[in-house]
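Here is a short report for someone meeting this structure for the first time. Look over the sequence and the model, then read on.

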Amino acid sequence: ATVERGLRKQMLARENIHLKEQLALFKIAEAMGSTIHLGTALNQVLRLTIKEFNADGASILFNEGADTTRFVLQAIQTVHLVEVDREFLEGRTHHSQMAADSRVVEIENLYQDAPNEGDALSQTQIKTYLSCPLLIRGRVIGILNIQRQSHYREFATGELQCLKVIASKAAYAISNSKLYDDLEKAYLSTIMALANAVEARDRYTSGHTVRVTYLAELIAKELGWEDDRIFILTMGCSLHDIGKIGVPDSVLNKPGKLTAQEMSIMQRHPEVGARMIEGIAFLKPCAPFIISHHEQWDGSGYPHGLKGNGIPIEGRILAVADTFDAIVTDRPYRRGKSIEAAIQELRDFAGRQFDPDVVEIFVEAIRKNREKLDIIYNLEGDVEEPKTAPVKTSV
């Protein structure tokens, strides 16, 4: 009976380990399928690896170009307050290259007596360095490094088998993410070419799109937007004035005040831009930036006269960023104003032209990034200060 109970206990323990390994595989496979961006995928792999293998630190290295002998750190995570060997995790030891050359998991265990050697219960502590190649069709695309500090057992055979399966899934997920990121870069290059085509016609707004995109990203980050949503914001801001392609040069570059008819032509550009991206599936999420960035909080904007929270948040963010850039930069009818003057003007029109919450969030973002903004706008104090009551400047 005693032997039977012991055997049954061992069997249950093995089943428990097996189920735990299967659950770890399921969690990581699920996480890998939930993201398409490389940075997110790398961090998920590291976070789950540390959790499931009780590690103290993990990192992922990639080949640098075609050089298979050089690996560059792409992502690293460590357990808080645990001292790890950063040289190992950053790929500056021999372990990573050994794993790449052999195409198998390379392990080094360092043994040392635990503290309190006089204690009968003291055990030998093990510091483990583990480098696992990330393989795609037999080709090493990267290395997953794992370190465990001051543990009392080595990696079990089941853990290593589980790690190999995880590494295989991670390799394909990372490869797909890299391909998707390359595709996104190609999309953005095309989008920026379209945006530059608009700016090339308007000699007074050189660099406007890049600056406004940066400002809008600052607001989005303050709001806690995730990377996927910020990527859409980048595309939408880059295309927000694409409809100006349909505005005649005589109107677009007129140095003086526009007539009522000319203003009517100019105010069509959001709708023209929205129509231009119709039917392009990957640009569909950009529509709110294009169609609503001239809507105003009190309902007096265009093209649809939306009001308050009825204006998409994308339009409310872009309206603030767009107007700030218009105030600070030189225009044919006036010199650019200081950042302080621009902030005051945004606050003066908060609750009328702009979402007051977005204005205050933007002001906080300016405070955190003031040094960089001074460089971007090349401000050295020689700017025009407002001499009269603020006026609406968003065009």
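## Aromatic pairs

Rings of Phe, Tyr and Trp (its six-membered ring) pair if their centres lie within 6.5 Å; planes under 30 degrees apart count as stacked, over 60 as edge-to-face and the rest as tilted. By this rule there are 4 aromatic pairs. One of them joins Phe88 and Tyr129: the ring centres are 4.9 Å apart and the planes stand at 85 degrees, so this pair is edge-to-face. The pair links distant parts of the chain, with Phe88 in helix H3 (residues 86-89) and Tyr129 in strand S4, 41 residues apart. Here helices (H or I, at least four residues) and strands (E, at least two) are DSSP runs, numbered from the N terminus. Phe88 and Tyr129 are both buried. Buried means under 20% relative accessible area, exposed means over 50%, and partly exposed lies in between (1.4 Å probe, protein chains only).

Phe324 and Phe362 also form an edge-to-face pair, with 5.1 Å centre to centre and 80 degrees between the planes. This pair too links distant parts of the chain: Phe324 sits in helix H12 and Phe362 in helix H14, 38 residues apart. Phe324 and Phe362 are buried. Ring pairs link Phe324, Phe362 and Tyr377 into a cluster.

## The model and the whole chain

This is a predicted model: local features need pLDDT of at least 70, side-chain atom pairs count only at pLDDT 80 or more, and totals for chains, interfaces and linings use all residues. Residues are numbered from 1 along each chain as its sequence is written, and side-chain values use heavy atoms, with hydrogens and water left out.

The protein chain holds 15 helices and 5 strands. It has 395 residues, and 45% of them count as buried. A contact means heavy atoms within 4.5 Å. Take the contacts between residues at least 6 apart in sequence: 63% of these join residues at least 24 apart. The chain exposes about 20,600 Å², of which carbon and sulfur atoms supply 53%. Accessible areas come from the Shrake-Rupley method with a 1.4 Å probe; for residues, only the protein chains shown count as cover.

Strand S4 covers residues 124-136. S4 has bridges to strand S3 (residues 106-113) and to strand S5 (residues 139-151).

S3 and S4 run antiparallel, joined by 8 bridges. Gln112 stands opposite Gln125 in S4. S4 and S5 are antiparallel as well, with 10 bridges. There, Leu130 has Ile146 in S5 as its bridge partner. In a regular strand the side chains alternate between the two faces of the sheet.

S4 and S5 form a hairpin with 2 residues between them. Arg137 lies in that loop. Its phi is positive, about 50 degrees, although Arg137 is not a glycine. Arg137 is exposed, with a relative accessible area of 73%.

Asn54 has a positive phi near 50 degrees, again in a residue other than glycine. Asn54 is found in the loop between helix H2 (38-52) and strand S1 (57-64). It is partly exposed, at 44% relative accessible area. A cis peptide bond joins Tyr302 and Pro303, with omega about 10 degrees. Pro303 is in the loop between helix H11 (287-292) and helix H12 (313-328). Most residues other than glycine have a negative phi, and most peptide bonds are trans.

## Asp355

Asp355 lies in the loop between helix H13 (339-348) and helix H14 (356-368). Is Asp355 buried or exposed? At 5% relative accessibility, Asp355 counts as buried. Its side chain reaches the backbone nitrogen of Asp357 at 2.9 Å. Leaving aside neighbours within four places in sequence, Asp355 is in contact with Trp297 and Arg316.

Cys237 is in no disulfide; the nearest cysteine sulfur, that of Cys286, is 9.1 Å away. Cys237 is buried, at 0% relative accessible area. Cys286 is buried too, at 0% relative accessibility.

How values were computed:
Two strands pair if DSSP finds at least two bridges between them. A polar contact is a pair of N or O atoms within 3.5 Å; within protein, one must be able to donate a hydrogen and the other to accept it, and residues adjacent in sequence count only if both atoms are side-chain atoms. A disulfide is a pair of cysteine sulfur atoms within 2.5 Å.
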